[in-house]
Amino acid sequence: MRRTLVALAVLLAPTVPAAPARAPLPDHVPDPAAGELAFWLGGCASCHATPVDGKRARGEDKLLLGGGMDLPSPYGTFVVPNISPHEDGIGGWSMPEFVDAMQRGVAPDGRHYYPSFPYASYVKADVKDIMDLKAYLDTLPAVPGRSADHSLRFPWSVRRGIGMWKRRNLDASPVIEFDGQDPLLERGRALVEGLGHCGECHTPRRRFGGLETDRWLAWAPNPEGEGRIPNITPAGKNVRDWSAADIAYYLGSGFTPDFDTVGGSMVAVQENLARLPADDLQAIAAYLKAVPAVE
Amino acid sequence: MGFRKVLVAVSAAAIATLAVADDDPRHVRHELMEDVGDAARVLGGMLKGERPYDAEAAMASLKTWEDVSMRFGDLFPEGSESGEGTEAAPAIWEDRGGFNAALGDWQDAIAAAVAADAATLDEAKPLLGAAFQTCKGCHDTYRIADE
């Protein structure tokens, strides 16, 4: 008993200093127009927009980021917080505080965020895009109201353990390295691995929730219940027959080459991606064609 | 029972099941949606630039959509909520008003495209685009995503 307690104490010891140290922010004038694209690519509204009548927000309601949506998980239920520019949200946060939350998973008061907030993907984004994103969020309506607390089971209810998780899983380096410096693939990688956080759904997880990067994008169980989230590497059952143009068309329009429609949790993702310029969708498609095929 | 009689009995039974299968709304609506999908491949191929725009073929496909859209609403009686691999979502029965509205949006979009009878792809594009959006509008809520 004693031993377990000691082990637990070690596990839960304060680990804030273990988070990678903050680098000074680059000299960059944040651009809210560029930040709007980062917002859609990042899917912030899919989690943070307040549900309307118990259903996911649509249209203009996606810009009301008052939080409140439940995110069920194997560890319990997370309740997504308010990130509107209101004092109940992130109103008054400084730029470094916002970048720390998005790329180090650390709150202004030093608490660790749970990785259900996909900062382990966002850490791979260019910090300038994160700065643009904040400039855009600051233009959205301020929504009052705080979300309820998460209801997680012990030991997940204790945040300090997350520091350990981060040491293993928080890594800004690319998942897939390509030979040469093809700008289209580099762009695609930044979009998919970073703000697009495609791996958070399409890649299976190890115990304790880290992504299994050697099975990158190779399918995962569906957290919403039945079925699987499909393999989108070149070995995927559907996408292996799709050209890069077909993939880009699917992401922009929501239609497969058979003109069947996108379904499940990909619907909201696709609606967001439809706001990106065509050459970004082509870059994503080129990247998906170039990653290792995993059966 | 002689061999003949058995055969007759068997084929009568077979015909009976066939007839039942054909009337089953779960089968009918599935098959009609497959026709809609076939027509969508023609129109979508033109939109996507995979095949040249052909006003006649476009109209024929729109007529298929129109025909199905007029019959589709009657194919969801009580008792056909599940079974036979149906992909119709429970929301159709829980919120018939919303389902009828989604169906109405589709009918309106088709009517607009039929009325325009577009001669060129540029004219057709916004109309077809709007009609394709209504497919998603309905599937999103009223169709279960397959695996």
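**View 1. Chain A and chain B bury about 1400 Å² between them.** Buried area is the accessible area (1.4 Å probe) that two parts lose on being put together, summed over both. Carbon and sulfur atoms give 53% of this area between chain A and chain B. The model is predicted: local features need pLDDT of at least 70, side-chain atom pairs count only at pLDDT 80 or more, and totals for chains, interfaces and linings use all residues. Residues are numbered from 1 along each chain as its sequence is written, chains are lettered from A and ligands numbered from 1 in the order in which they are written, and side-chain values use heavy atoms, with hydrogens and water left out. Chain A brings 21 residues to the contact, and chain B brings 18 residues. Contact here means heavy atoms within 4.5 Å.

**View 2. Five salt bridges link chain A and chain B.** A salt bridge is a side-chain nitrogen of Lys or Arg within 4 Å of a carboxyl oxygen of Asp or Glu. One salt bridge brings together the side chains of D246(A) and K48(B), at 2.9 Å from N to O. Between chain A and chain B there are also eight residue pairs in polar contact, both residues at pLDDT 80 or more. A polar contact is a pair of N or O atoms within 3.5 Å; within protein, one must be able to donate a hydrogen and the other to accept it, and residues adjacent in sequence count only if both atoms are side-chain atoms. Which elements of chain A give two or more residues to the side that touches chain B? They are helix 10 (244-253) and helix 11 (266-273). Helices (H or I, at least four residues) and strands (E, at least two) are DSSP runs, numbered from the N terminus. The side of chain A that touches chain B holds six nonpolar, seven polar and eight charged residues. Ala, Val, Leu, Ile, Met, Phe, Trp, Tyr, Cys and Pro count as nonpolar; Asp, Glu, Lys and Arg count as charged; the others, Gly among them, count as polar.

**View 3. Chain A is assigned domain 1 (23-169) and domain 2 (183-290).** These bounds come from an automatic or database domain assignment. The C-alpha centres of domain 1 and domain 2 of chain A are 22 Å apart. In their contact, domain 1 of chain A supplies 23 residues and domain 2 of chain A supplies 20 residues. Together the two domains of chain A bury about 2000 Å², with 58% of it on carbon and sulfur atoms.

**View 4. Two salt bridges connect domain 1 and domain 2 of chain A.** The side chains of R56(A) and E271(A) form a salt bridge at 3.2 Å, N to O. Five residue pairs are in polar contact between domain 1 and domain 2 of chain A, both residues at pLDDT 80 or more. On the side of domain 1 of chain A that touches domain 2, the elements giving two or more residues are helix 2 (32-42), helix 5 (119-122), helix 6 (127-137) and helix 7 (162-169). Helix 2 of chain A gives the most to this side, with five residues. By class, this side of domain 1 of chain A has 13 nonpolar, five polar and five charged residues.

**View 5. Three strands of chain A form an open antiparallel sheet in the order 1-2-3.** Strand 1 and strand 3 of chain A stand at the edges, each with a single partner strand, so one side of each has no neighbour in the sheet. Two strands pair if DSSP finds at least two bridges between them. Strand 1 (residues 70-73) and strand 2 (residues 76-79) of chain A are antiparallel, with four bridges. They form a hairpin with two residues between them. L71(A) is opposite F78(A), and P72(A) is opposite T77(A). Strand 2 of chain A also runs antiparallel to strand 3 (residues 151-152), joined by two bridges. Here T77(A) faces S151(A), and G76(A) faces L152(A).

View 6. Most residues other than glycine have a negative phi, and most peptide bonds are trans. F154(A) and P155(A) are joined by a cis peptide bond, with omega about 5°. F259(A) is not a glycine, yet its phi is positive, about 60°.
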